Each structure stands twice: as C-alpha cells, then as structure tokens.
Amino acid sequence: MVHSAYDSFQLLTDCPTKIDAIESYGSKLLLGCSDGSLRIYVSDSSGADRSPPSDPHALRKEPYALERTVAGFSKKPLISMEVLESRELLLSLSESIAFHRLPNLETIAVITKAKGANVYSWDDRRGGRGFVEVKDFGVPDTVKSMSWCGENICLGIRKEYMILNATNGALSEVFSSGKIAPPLVVALPSGELILGKENIGVFVDQNGKLLQADRICWSEAPAVVVIQKPYAIALFPRRVEIRSLRVPYPLIQTIVLPGARRLTKSNNAVVVALEKSVYGLFPVPLGAQIVQLTASGNFEEALALCKLLPPEDASLRAAKEGSIHIRYAHYLFDNGCYEEAMEHFLASQVDITYVLSLYQSIVLPKTTAVPEPEKLVDLSLDAPQLSRGSSGMSDDLETFLPQLAESDENSALEFKKMSHNTLMALIKFLQKKRYSIVEKAAAEGTEEVVLDAVGDSFTSSRFKKSNKGRGNVPINSAAREMAAILDTALLQALLLTGQSSAAVELLKGLNYCDAKICEEILHKGHHYAALLELYRSNSMHREALTLLHQLVEESKSNQLQAEPIQKFSPEAIIEYLKPLCGTDPMLVLEFSMLVLESCPTQTIELFLSGNIPADLVNSYLKQHAPNMQGRYLELMLAMNENGISGNLQNEMVQIYLSEVLEWYSELSAQQIWDEKAYSPTRKKLLSALESISGYSPEALLKRLPPDALFEERASLLGKMNQHELALSLYVHK
C-alpha cells in the first residue's frame, strides 16, 4: 500500500436478507434485497457525541439504522439500480426497467419492452421529461456490459467489444475482451472508456480507437470498476483495489473485504455491499493524502493531488506544491537525476541561492538583500566536500579530486563525471531563471537613471555602477544583487564544464558578473578572451588593454612554438580601442603608442575614424613617441591631404629637416659630404618643400648651413619669391 486514500467504515451489518443491489440517495442507503424488498437506511445519529453533518446530502461515517422497508418493491430480485440525482428518480432493473419518484418512491414509468433485460446504461444528457421508446436495435448475442459514449454505445457482447451507432444502428468491432473474464465497459468522466481485457484495462475513445500504449493492470479481472477522481476503484471477491488514474496507474491501496459483492459510488464515498453488510470507503482528506505521499517519497502522486485542491485554497496549494517540489528535487539530486531535480527546483520557485547552496565549489558575491538559504545540502556522495571560499577557485574539476586520483582512479572518474553532470544541470537551471532576473535588474537600473535625470532626492543613498575602476560597487538593489549571484555562478559553471566560448558570449552581452570574483577565476584559469570581455563590460579598459599588450608580447615570444594556446596580435589592441575614441581619447593615445610602430597604418586609421584631433595626436606623439611623429604626419598627409593643418605641415617639414641636418653633420664630420647625395629623408624633405605650402620658409631657411643643402635653400627662396637668388643657386651650385 502506497498510502491511505480511503478509510473503510462498516455502515451496517446483519441485514436480514441478502443484498443484491445497493445505491445511495443523499445521506441515505438504498438496499435492494433478494426477497424483492427495498430497505432504506439512515445514519444513526442518536448518540450524544454525534456532530451535525457538514453536508446533509452526503453519506456519513457512522453506523446506519433501518428507516423503513418497501416490501414487494420488485417481483424478482433487483439486478441493479441507480439514483438519477438531476431528476430525483430511482432507476431499477429487475424483470424490467422501472422509474420511481424520490423520496416517496411513486412509480413513474415501467419500460415493459425491457422485460428480460440484464443490463442498462443511463445518459443524463439525453431525453426529455417523459420516457419514450425511440429505437430498437438488434445485436448478435447477450450484452454483458454497456455504456454510452457520445453518440455511440459501447457493448460488451460474448467475448467482444463493439461500437453501436445510436443513429443508424451500425455495429463495428473493437477488439476481443479475452478468453476467461466477461467484458467490462467503464465510462470515464472525459467521455472516453476503459475496456476490460482479462486483468488489463485498455483506454479507447468514443469510437473505440486506442488512445495510448499504457494500460491499467489489475491483480486479476475485476467484477466492477467505478471512477472517483483521481482513482479507479475495482471490486474483487475478497478485496477492493484502488489505483491511480495517472500513468503508470500504480496500486494505491488494497482494502480487504471478504465476500464483497456490489460496488457503487456516492457523492462523497464508495459503497461496498457484502452479502448482509455494507461498508463505506470514505476519501482521506487531500491534505492528509498529500502529506502521506510526500513522506513516503511518492512525490509525483502528491503533486497530482495538489491539483485537486479547491480553488479557494490557492495559496495553500501553492505552498504545498512548492514544498513537495523542493523535497522531490533533493531526492532526485541525491539519486543522480540532476536535470530532473533542477526542473522541480524551477517549479518550486525557490530562490536561486537555495539551489546554489548545493554547489559549495562555486564562489558567490557577498549580498545584503538576499537571505541565506535555510538548508544546505552537501553535493558530495561519499566524496570530498566541494568547499566554497570567499575568493579563489579552481578552473578545473581535477582540483576537486585531491586524493581519489591516487587511491582509486575509478572513483575519481565517477566523481568527476558526477560533478560535470551536476554542473550541466545547474547551467540549464540558471539559464531558465536568468531572463526574468536580469530583466528585473535592468528595469531597476533604468528606473534609477530616470530618477537621477530628474534629480531624485534619494540618489545619495544609492551606489552606482562605476564606469571606470574595478567593477561593481555595492548597489542597494535586490534585483541586481540576485542577477550578480546568478551570472557569477553561471560563468563559473560554464568554465568548469569546458564551455569557454559560452562564457565569452555571456560576458559580451548584458551581464552582472561580479568583477572581482570573476577576474580572479578567469585569470587563474587563463581564460583571457573571457577576462577581456569581463573588463570591457565593467568599463575596466585600462586593465583590459594592459592585459592585451601583455598577451601580444607573449604571442610574439611564443611564435616559435608549434601550437601556441592562443595568439593575440597588435590589431586586437586597435580593435579594442576603436569604441573608446569618443569617450576616452587620452587612453586611446596612451595604448596606441604600443602598436603605432608595428601597425602604423591601422593606428592612423584608428585616429582618423575615431575623430581624434590631429593636433592632439601630434602633441602626444611629440612628447611620448617623437620617433613616430614624422611617420604619423606622413600617413596623415597621404590619407587625408586636406585634413592636415598648416601647423602640422610645418611640424612635418621641421622633422624632416632635423633628420637631414643630423645626417649632414655626421657626413661632414667624416669629411665625406656630397651635395649630390640624397638620403630617403632628404628626398622626402625636398618633395614636401615643393608640394605643400603650410610651412614657414623663413624659419626653415635660418636652420640651413651656409655651405650645403643648396637645393633646399633654392626651394625655400622660391617659396619666398626670391627667384633670382634661387636661380643663381641652381646655376652656380
């Protein structure tokens, strides 16, 4: 027995004659006896301790006494009878079918053409006030069992089931009922049917078509089956079996009643008649059944019963369901069904911190708004405790196996597999919870921005997310604290299961990962791509660029290795800098110096596309990278001839001239100067003097030596409109 769904109570005993049929009418019992009498019993409320009935129209769980006997109710013993509550009638089958008005039992109609009938089926949705014979259909043999099903009637004939079309009388075979047991047709509240096939109950629709592969299996072929949701109750010679109507239709309870002969249901109970006594099977209150089922570990059944709690108990139902889901989740988790466990944690609406308490290895940010979970459950199953620390964490499941690997490789492998599976289940759980939690956090952030924009007087009581510096400053926000816990845990779970690319994608989008915890984890695990995204999402650009530069330098030193783990090129720094040109041009200039020499064209394009003022760039280069100043100005001029000011043109020519003068001084000191010698820089200088006009020729002329660089002097004199002197130099020098 799984649990007690019904309590058995003896309603009456020592009936003077054998009971052939039984029915209930309100709180009364109607017994059809073998002597043709109808005996009516009522509850014996004479005892002083009897409390008034909560429902006067329901059977009472107390002894019943004879109220009256209707002798000669039927000439022959009753085969069956049924109270038609909607019409206040009693339908009985004996030598024919008769209808009596309740409660006084006046005869309303006798269907004489039904003389000799052995079975009937009543459909309360049909018919008017009177009783008129409508149609008469022939069938091949005696009908053993029957029931209306929509516009059809299902018949159990011999060892076969057939569907009779009530409109045209057409018969269609369904399937055999078996070799031993007689056919048994049971109507379900849904309009579908259960058809007996020996000890098996087969589910079919109104046309006899099979509905599902699952079957309800009794211990043997039942004589009668009644449906009282959520159970099917079957009668056997020595007992009553109660089974759930949920797949796989488990046995819920067996009530031993030797000599049980008749079974029917009332509004609030199931009534069983023995030869001369009657028992009532009264449903145990749903709440008590739910407690029993939960305590015995039958969580699915307990949850199914919760659905049957009345609508007015919605809050009670939600509380019970939540509690059962949590207990079921722990049971599944402890038995290795991690994904199923997470589904029940989801259904329970439990806080994510409760679930994360199962994962002691995952580091969580400290929080003030979220209470600690009440119950911590150890993840390990005969394995070392996965300890949670305030900072620092292994990047690999190998770290969780400090001793197992040496003592027992199989145990270590099994534990590692278990850890991986638990983490994969956690990832799915967090991903399903993430949308609503992050949405709340984002909405809270938007509301805060709006309040700040209109001068919210409470701004001073809040801390905001820093655009610079080290990540998140504590925020007095329950939603964002919860989002931080979720994203920080999710990132770690992704890394621990080898899903680095998924971790990067998480960090690329809107996220609330705790910067300090995640930075340490990512750095220790060498997850540099993810670490860069963490820095970027927290506006920690200096840290990101410093790391990128370090990675670029390491990539250069590792070029001789056959398969470097991960390469970073100087272009990666340029790509990172592009979005920062408009917000932090000085940071862009600072870190662009690291790649200007190796990627000059791309760097200049960065300055141009980012609209960083050329004068600012030139000034910065002059101070921090003077050797690249000329190169920058050259590229600027080549890429954007009209975008370089006269001042910058003058700077470029001055730089060329300085290099040429230095070259001249070196050759003169060695007494090997040749006026007809042209270095690359001298060629650039002469070209610039001719092609651009933004420089000051007077200032340049003063810097030229008196006895050399005559071509440069002639070009400058020409710019100053001293053409005779210029021509003289060309002629004589």
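Contact means heavy atoms within 4.5 Å. I keep that cut-off in mind, and I note that this is a predicted model.

**Entry 1: helix H17**

I looked up helix H17, residues 626-639. H17 has 14 residues. From its first C-alpha to its last, H17 reaches 20 Å, close to the 20 Å expected at 1.5 Å a residue.

Which residues of H17 are buried? I listed Met628, Gln629, Gly630, Tyr632, Leu633, Glu634, Leu635, Met636 and Leu637.

**Entry 2: the nonpolar cores**

In soluble globular proteins, nonpolar side chains tend to be buried together. I looked for such groups here. The largest nonpolar core has 152 residues. Phe345 and Leu426 have the most contacts inside it. Helix H8 (residues 478-496) gives this core its largest share, 13 residues.

What does Phe345 touch, leaving aside its neighbours within four places in sequence? I found Ile326, Ala329, His330, Val350, Tyr354, Val355, Leu358 and Phe429 in contact with Phe345.

**Entry 3: the second largest pocket**

I looked up the volume of the second largest pocket and got about 1500 Å³. The lining has 36 residues. Ile97, Ser121, Lys135, Met146 and Trp148 lie nearest the pocket's centre. Strands S8 (97-101), S10 (143-149) and S11 (152-157) each give two or more residues to the lining. S10 gives the most, with three residues. I sorted the lining residues into 21 nonpolar, seven polar and eight charged.

Methods: Residues are numbered from 1 along each chain as its sequence is written. This is a predicted model: local features need pLDDT of at least 70, side-chain atom pairs count only at pLDDT 80 or more; totals for chains, interfaces and linings use all residues. Side-chain values use heavy atoms; hydrogens and water are left out. On a 1 Å grid over the protein atoms alone, a cavity is a set of points where a 1.4 Å probe fits but cannot get out, and a pocket is an open set with protein on both sides within 12 Å along at least five of seven lines; lining residues have an atom within 4 Å of a point. Grid points are joined across faces, edges and corners, and a volume is the space filled by probe spheres set on the points. Helices (H or I, at least four residues) and strands (E, at least two) are DSSP runs, numbered from the N terminus. Ala, Val, Leu, Ile, Met, Phe, Trp, Tyr, Cys and Pro count as nonpolar, Asp, Glu, Lys and Arg as charged, and the others, Gly among them, as polar. A nonpolar core is a set of buried Ala, Val, Leu, Ile, Met, Phe, Trp, Tyr and Cys residues joined through side-chain atoms within 4.5 Å. Buried means under 20% relative accessible area, exposed over 50%, partly exposed in between (1.4 Å probe, protein chains only). The expected span of a helix is 1.5 Å times one less than its number of residues.
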